[in-house]
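Here is a short report for a reader new to this structure. Look over the sequence and the model before reading on.

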Amino acid sequence: MGQVEAITQREIAADPEDVFDALADYSGTRRQLLPEHFSEYEVREGGDGKGTLVHWKLQATSKRVRDCLLEVDEPTDGQLVEKDRNSSMVTTWVVTPAGERRAKVVVTTTWQGAGGIGGFFERTFAPKGLGRIYDALLANLATHVEK
């Protein structure tokens, strides 16, 4: 069993605060940003950043669906951390300035992977698949805030 990590990043032509606010708005904007891999989206507590409890199902592949119940924290400025109560998965969003009216968004997801041959395939292919999913989400985010 080993840790699996997927990292995706994008520069967005918008104020970093606006980008962060869009990501942290679980009761409004976030739902609009999700690609088709997400379903059954529901805010159960809060809705804006720290203290939010949000549920969704993430369909990573045609056969692999994760039922996620995420607690949201904001440990530092520009950082959102989503910890899944149903697994070891943790997703961290970091928004930093990248020049005038530009933001860099880095999303990192980690979890404890399976052992053996299944774990090998998970460590090899899951980060690429999750990267594509978050790349689509970041493209939607850019479209939303670059207006």
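This is a predicted model: local features need pLDDT of at least 70, side-chain atom pairs count only at pLDDT 80 or more; totals for chains, interfaces and linings use all residues.

Start with R101, which sits in the loop between β6 and β7. R101 has a positive phi of about 50 degrees, although it is not a glycine. Most residues other than glycine have a negative phi. E40 is another such case: it is not a glycine, yet its phi is positive, at about 55 degrees. E40 belongs to strand β2.

The strands β6 and β7 form a hairpin, with five residues between them. G99 lies in the turn and has a positive phi of about 115 degrees.

## Overall make-up

The protein contains three helices and seven strands. Read from the N terminus, the elements follow the order β-α-α-β-β-β-β-β-β-α.

What radius of gyration would a compact globule with 147 residues have? The value would be near 15 Å, and the protein has 15 Å, which agrees. The C-alpha trace spans about 45 × 30 × 30 Å along its principal axes. The accessible surface comes to about 7,800 Å². Carbon and sulfur atoms hold 47% of that surface.

Of the 147 residues, 44% are buried. Now take the contacts with a separation of 6 or more: 49% of them join residues 24 or more positions apart.

## The sheet

In what order do the seven strands stand in the sheet? The order is β1-β7-β6-β5-β4-β3-β2. The sheet is open, and the pairing is antiparallel. β1 (3-12) and β2 (38-45) are at the edges. Each has a single partner strand, so one side of each is left without a neighbour in the sheet. From one strand to the next, the twist averages 20 degrees.

Helix α1 covers residues 16-24 and packs on the sheet. α1 touches β1, β5 (79-84), β6 (90-97) and β7. The direction of α1 makes about 160 degrees with that of β6.

## Strand β7 and its partners

Strand β7 runs over residues 103-112 and pairs with β1 in the antiparallel sense, over ten bridges. R10 stands opposite V105 in β7. T8 stands opposite V107 in β7.

β7 also pairs with β6. That pairing is antiparallel too, over eight bridges. Here T92 stands opposite T108 in β7. Is β7 mostly covered or mostly exposed? β7 is mostly covered, as seven of its ten residues are buried.

H55 is found in strand β3, residues 53-59. Its relative accessibility is 7%, so H55 counts as buried, the cut-off being under 20%. Which atom lies 3.0 Å from a polar atom of the H55 side chain? It is the backbone oxygen of E40. E40 is also among the contacts of H55 beyond four places in sequence.

L58 counts as buried because its relative accessibility is 3%. L58 and E40 are 18 residues apart in sequence, and their C-alpha atoms are 9.0 Å apart in space. Leaving aside neighbours within four places in sequence, L58 is in contact with H37, F38, R64, V65, R66, C68, L130 and I133.

## L33 in helix α2

L33 lies in helix α2, residues 29-33. Is L33 buried or exposed? At 2% relative accessibility, L33 counts as buried.

What does L33 touch beyond four places in sequence? Its contacts there are A22, L137, N140, L141 and H144. A22 is eleven residues away from L33 in sequence. In space, the two are 9.0 Å apart, C-alpha to C-alpha.

Key
Residues are numbered from 1 along each chain as its sequence is written. Side-chain values use heavy atoms; hydrogens and water are left out. Two strands pair if DSSP finds at least two bridges between them. Helices (H or I, at least four residues) and strands (E, at least two) are DSSP runs, numbered from the N terminus. Axes are lines fitted to C-alpha atoms, for helices over the stretch in contact, and angles run from 0 to 180 degrees between N-to-C directions. Contact means heavy atoms within 4.5 Å. Buried means under 20% relative accessible area, exposed over 50%, partly exposed in between (1.4 Å probe, protein chains only). A polar contact is a pair of N or O atoms within 3.5 Å; within protein, one must be able to donate a hydrogen and the other to accept it, and residues adjacent in sequence count only if both atoms are side-chain atoms. The radius of gyration is taken over C-alpha atoms; the globule rule is 2.2 Å times the number of residues to the power 0.38. Accessible areas come from the Shrake-Rupley method with a 1.4 Å probe; for residues, only the protein chains shown count as cover.
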